[in-house]
Amino acid sequence: MEIPDFGIRPDLARRLSMAEQHEYLRTRLSRRRTLVTAGAVAGGLLTGCSGGGARPVAPAPAPAATASGPAAAPFGRHLAFGADPRRQLRISWQVAPAVRRPFVRVGLRPDDLGRRVGAEVRALATPALGGAHPAVEQYYVHAALDGLRPGTTYYYGVGHEGFDPAAPDHRATIASFRTAPAAPERFVFTAFGDQGVGTEAVANNRLLLRQDPAFHLHAGDICYADDKGRGEPTDLYDATRWDRFLRQTEPVARSVPWMVTTGNHDMEAWYSPDGYGGQLARFSLPDSGFDPRTAPGVYSFTYGNVGVVALDANDVSYELRANLGRTEGRQTRWLARTLAELRAAPEVEFVVVFFHHCAYSTSTHASDGGVRAEWVPLFARHQVDLVINGHNHVYERTDAIKNGEVGRPVPVGASTDPTRDGTVYVTAGGGGRELYGFPADAPERHEGRDPGYEPADRPVDSFRWTRSGDRRTETVAWSRVRYRGFSFLRVEAEAGAAPRLKVSALTPDGTRVDHFEVRRGR
């Protein structure tokens, strides 16, 4: 595939921040009389560049409403929680042309969708940034449902002028969702990162849906429209891959809240100085105290007895540095406050954190020293129960890590107590993209169907990324389970007298390659 000529040397591209890349692309393509305006992002909000930082600028006008009827049939429905999953849900979808007066119908029965809620259109216009990839306009629609009843199943349909989901010929499009319970009870959630578009991604989705999850965590590198993911102006870019991804995901995400965060492939420099304008247009995520207009992948929510925290690791990554230091420490301070609040909340028994870059892994990208320096001490201080990452396209799981070392071995099937042992870190990067491997002295080791892998306590050689952007070798003893295959994480949360997290790794054919339990101070 031909790489677009943006007239910038590769060595210089690698040193540019995301804001500098955004400014470069806009200036360069304006000079070439190419499409240069992005549409309304997050309801008409864009970010601008001032001294390398981001600030709000004047809102862009909404797209002209030009289409209606079945020709503009909605697709790519995906749900997300609001800040309170018991009472708030966000419904998002896509339409091929712009539409008039979009809305959601919702009710307690599929044949009685009496409540009608208006929606907003967020438009993106993308030039031909990837050689053969065409310029496109995309329209994403979002509706906020508030005042819902806890623990209740709702039915809904999405539409616009000329397309009413309650009409007899459109009732097949009606779907459902369930709000979080008023009090903690047993539930399941799932997680992976690095999904993309393809056969293996679909296979993971199918088995995932059979787990009946209350929600799904996607730990970044969502669809790979930016195929290189290096955060450089010469990254190939195909915006239409988002169309294919949202169609692929819809059979699950139309009923299961699809909670995403940002990976390196999700930084798309064209749309905004921080690279997140595209994500702001496509997803509606909880507003939980950290400005969702500038950091869409940073939020928290509580479901039952589990507090969940999503983070943007591009902000602290020593490996891929295009957004390193973007929030100037604000995200880390927010994380410290949020973890303290969750630990103080009487209904929260477990805290789960997910983000893209790995704190502990031995696969291709290995471990990110920036994540370790900024966040691992906070995870230890607040006794985080489980950390879920992507980035490395494998499944790998540590023992319980305390003070940078093995606090307690956690063999397959064992239990661990974070109040005593430390935190288990899981790399769940087998969502669907091409797989990575492990170092020669770190063969696969998992439960699965093949016994006889290397002894669990054998150290392996790996490395971590340093502040200078270099690799520093290290020999590690914490890599407990390794599996080079497509997979996802299934976590069953139990409340009551003996609360626990039952964590399993499943392959698309249902094989369990790992399992362990987290119990706290009991």
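Which residues is Thr 423 in contact with, leaving aside its neighbours within four places in sequence? In this predicted model, local features are taken at a pLDDT of at least 70 and side-chain atom pairs at pLDDT 80 or more, whereas totals for chains, interfaces and linings use all residues. Residues are numbered from 1 along each chain as its sequence is written, and side-chain values use heavy atoms, with hydrogens and water left out.

Thr 423 lies in the loop between strand E22 (415-416) and strand E23 (424-428), where helices (H or I, at least four residues) and strands (E, at least two) are DSSP runs numbered from the N terminus. With neighbours within four places set aside, Thr 423 is in contact with Phe 379, Val 384, Asp 385, Leu 386, Val 387, Thr 398, Asp 399, Ala 400 and Ile 401, contact meaning heavy atoms within 4.5 Å. Asp 385 is 38 residues from Thr 423 in sequence, yet the two C-alpha atoms are 5.7 Å apart in space. A polar atom of the Thr 423 side chain lies 2.7 Å from the backbone oxygen of Val 384. The relative accessible area of Thr 423 is 3%, and the residue is buried (buried, under 20% relative accessible area; exposed, over 50%; partly exposed in between; 1.4 Å probe, protein chains only).

For the chain as a whole, eight helices and 29 strands are assigned, and buried residues make up 61% of its 522 residues. Of the contacts with a separation of 6 or more, 72% are accounted for by residues 24 or more positions apart.

The structure holds 24 aromatic pairs, a pair being defined by rings of Phe, Tyr or Trp (its six-membered ring) with centres within 6.5 Å, and with planes under 30 degrees apart counted as stacked, over 60 as edge-to-face and the rest as tilted. The rings of Trp 242 and Phe 283 are edge-to-face, because their planes stand at 75 degrees, with the centres 6.0 Å apart. This pair links distant parts of the chain, 41 residues apart, with Trp 242 in helix H4 (residues 240-253) and Phe 283 in the loop between helix H5 (277-282) and strand E14 (299-303). Trp 242 is buried at a relative accessible area of 4%, and Phe 283 is likewise buried at 5%. The rings of Tyr 299 and Phe 354, with centres 6.4 Å apart and planes at 75 degrees, also form an edge-to-face pair; here Tyr 299 in strand E14 is linked to Phe 354 in strand E16 (residues 350-354), 55 residues apart. Relative accessibility is 0% for Tyr 299 and 0% for Phe 354, and both count as buried. Tyr 299 and Phe 354 belong to a cluster linked by ring pairs, together with Phe 81, Phe 187, Phe 189, Phe 215, Phe 301 and Tyr 303.

Charged groups also sit over aromatic rings, the criterion being NZ of Lys or CZ of Arg within 6 Å of the ring centre and within 35 degrees of the ring normal. The charged end of Arg 247 lies over the ring of Phe 75, 3.8 Å from its centre, and Arg 116 lies over the face of Phe 103, at 3.6 Å from the ring centre.

Phe 103 is part of strand E5 (residues 103-107), in which five of five residues are buried. Phe 103, Arg 105 and Gly 107 point one way from E5, whereas Val 104 and Val 106 point the other way. In a regular strand the side chains alternate between the two faces of the sheet. E5 runs antiparallel to strand E6 (residues 115-118), to which four bridges join it, and antiparallel to strand E9 (residues 153-159), to which five bridges join it; two strands pair if DSSP finds at least two bridges between them. Arg 105 has Arg 116 as its bridge partner in E6 and stands opposite Gly 157 in E9.A separate description applies to the open sheet of three strands, which has the order E17-E24-E25 with mixed pairing. Strand E17 (367-368) and strand E25 (471-476) stand at its edges, each with a single partner strand, so one side of each is left without a neighbour in the sheet. E17 runs parallel to strand E24 (residues 460-465), with two bridges between them, and Asp 368 has Trp 465 as its bridge partner in E24.

Definitions and conventions: Polar contact = N/O pair within 3.5 Å; in protein donor to acceptor, adjacent residues only side chain to side chain.
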